Amino acid sequence: MNKDISILVADDNEMMSNLIRIMLEKNGFNNIIEVRDGMAAFNTVKAQKIDLIIADWHMDELSGIELLKKVRADVKISNTPFIIVSVEGLDVSIDTAFAHGVNDFLSKPFTMEDLIKTVTKVLETSS
Amino acid sequence: MNVVYINAFIEGSINVLKIMASIDATPGKPYLKNDLNARGDISGFITFSGSVTGSLALSFSKSCLAKIISNMLGEDQESMEMMENAAGELTNMISGDARKRLQSQELVIYAGIPTVLSGKNHLIKHVLDGPSIIIPFETPFGEFVADVNIKDVN
């Protein structure tokens, strides 16, 4: 797997964003961009090539699910692989995310193995 | 307060600390709290609606929270901003874990957005009046408490 791909991590909680970045870096992914809200994430995806979006469900400006809808509605970036991270592990939340085209859903709390397994699966099925 | 809720918060706290920070949290005996004073330096606070109404605060000492962050990230991060981030996120995850456990008992519980309170003498003002229940937890790095006050809607 190419680990030079660009991964965008969107989370308004700096600690969780750092945690995801560190977990990815420990597994060889070295091109990670962090943003703090959904609108900044959308602008980043529009402005540069992003190979994978990992977004928290709850964010200011634009939530993870709203970001997902905007990405999927924009023909130029609609195929960007997308993982939503949330404590919203309730069935209805997962169903909502998949109905809007998310590639996978990572429920908090998660281990580094959970994150890497999810990222690997999404990248392999999206390529 | 229904013991089912107490157990869900105990199990949620143990699970989240274990998974996210590899820390073993041991619950102590719950007791009633009749004042508003937080039992820690930094507290995450979250409200509930749906099958229940009420709120949960998780109060940490700075030293315990710093160690939790260090274990999670693999590096020391002791800024106040990072500690507040951690308190809010841990509260979010523990309440989420507890809600998922309660969902299996056909209780549908929604949570608000977590907020963070800090300072040596900060106060916890629950949604409900009356005493809350403190669930103390011991870790190898100090104590934290879950301060919970919820009741069934029906």
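**Figure 1. B:Ala21 is a buried residue in this predicted model.** B:Ala21 has 21 C-beta neighbours inside 10 Å. The cut-off for a buried residue is 20 or more, so B:Ala21 qualifies. The residue belongs to helix 1 of chain B, which covers residues 3-21. Leaving aside residues up to four places away in sequence, B:Ala21 touches B:Ile68, B:Asn71 and B:Met72. B:Lys67 can also be located in this view: its C-alpha lies 8.8 Å from that of B:Ala21. Along the sequence, B:Ala21 and B:Lys67 are 46 residues apart.

Figure 2. Read from the N terminus, the order of elements is α-β-β-β-β-α-α-β-β-β-β. Along the principal axes, the C-alpha atoms fill a box of roughly 45 × 30 × 30 Å. The radius of gyration of chain B is 14 Å. A compact globule of 154 residues would have a value near 15 Å, so chain B agrees with that expectation. Buried residues account for 43% of the 154 residues in chain B. Contacts also span the sequence: of those between residues at least 6 apart, 72% join residues at least 24 apart.

**Figure 3. Helix 1 of chain A packs against helix 3 of chain B.** The chain A helix covers residues 14-26, and the chain B helix covers residues 80-103. Their axes are 7 Å apart and meet at an angle of about 90°. The two helices are therefore roughly perpendicular. From helix 1 of chain A come A:Glu14, A:Met15 and A:Met16. They meet B:Glu81, B:Met82, B:Asn85, B:Ala86 and B:Glu89 in helix 3 of chain B. The residues of this helix contact divide into four nonpolar, one polar and three charged.

**Figure 4. Chain B meets chain A through residues that include parts of its helices.** The contact takes 21 residues from chain B and 14 residues from chain A. On the chain B side, the elements giving two or more residues are helix 1, helix 2 (62-73) and helix 3. Helix 3 of chain B gives the most, with 12 residues. By type, the chain B side divides into 10 nonpolar, seven polar and four charged residues.

Key. Residues are numbered from 1 along each chain as its sequence is written. Chains are lettered from A and ligands numbered from 1 in the order in which they are written. This is a predicted model: local features need pLDDT of at least 70, side-chain atom pairs count only at pLDDT 80 or more; totals for chains, interfaces and linings use all residues. Helices (H or I, at least four residues) and strands (E, at least two) are DSSP runs, numbered from the N terminus. The radius of gyration is taken over C-alpha atoms; the globule rule is 2.2 Å times the number of residues to the power 0.38. A residue is buried if 20 or more other C-beta atoms lie within 10 Å of its own, exposed if 12 or fewer, and partly exposed in between; C-beta atoms are placed from the backbone. Two residues are in contact if their C-beta atoms, placed from the backbone, lie within 7 Å. Axes are lines fitted to C-alpha atoms, for helices over the stretch in contact, and angles run from 0 to 180 degrees between N-to-C directions. Angles under 35 degrees count as roughly parallel, over 145 as roughly antiparallel, 65 to 115 as roughly perpendicular and the rest as oblique. Ala, Val, Leu, Ile, Met, Phe, Trp, Tyr, Cys and Pro count as nonpolar, Asp, Glu, Lys and Arg as charged, and the others, Gly among them, as polar.
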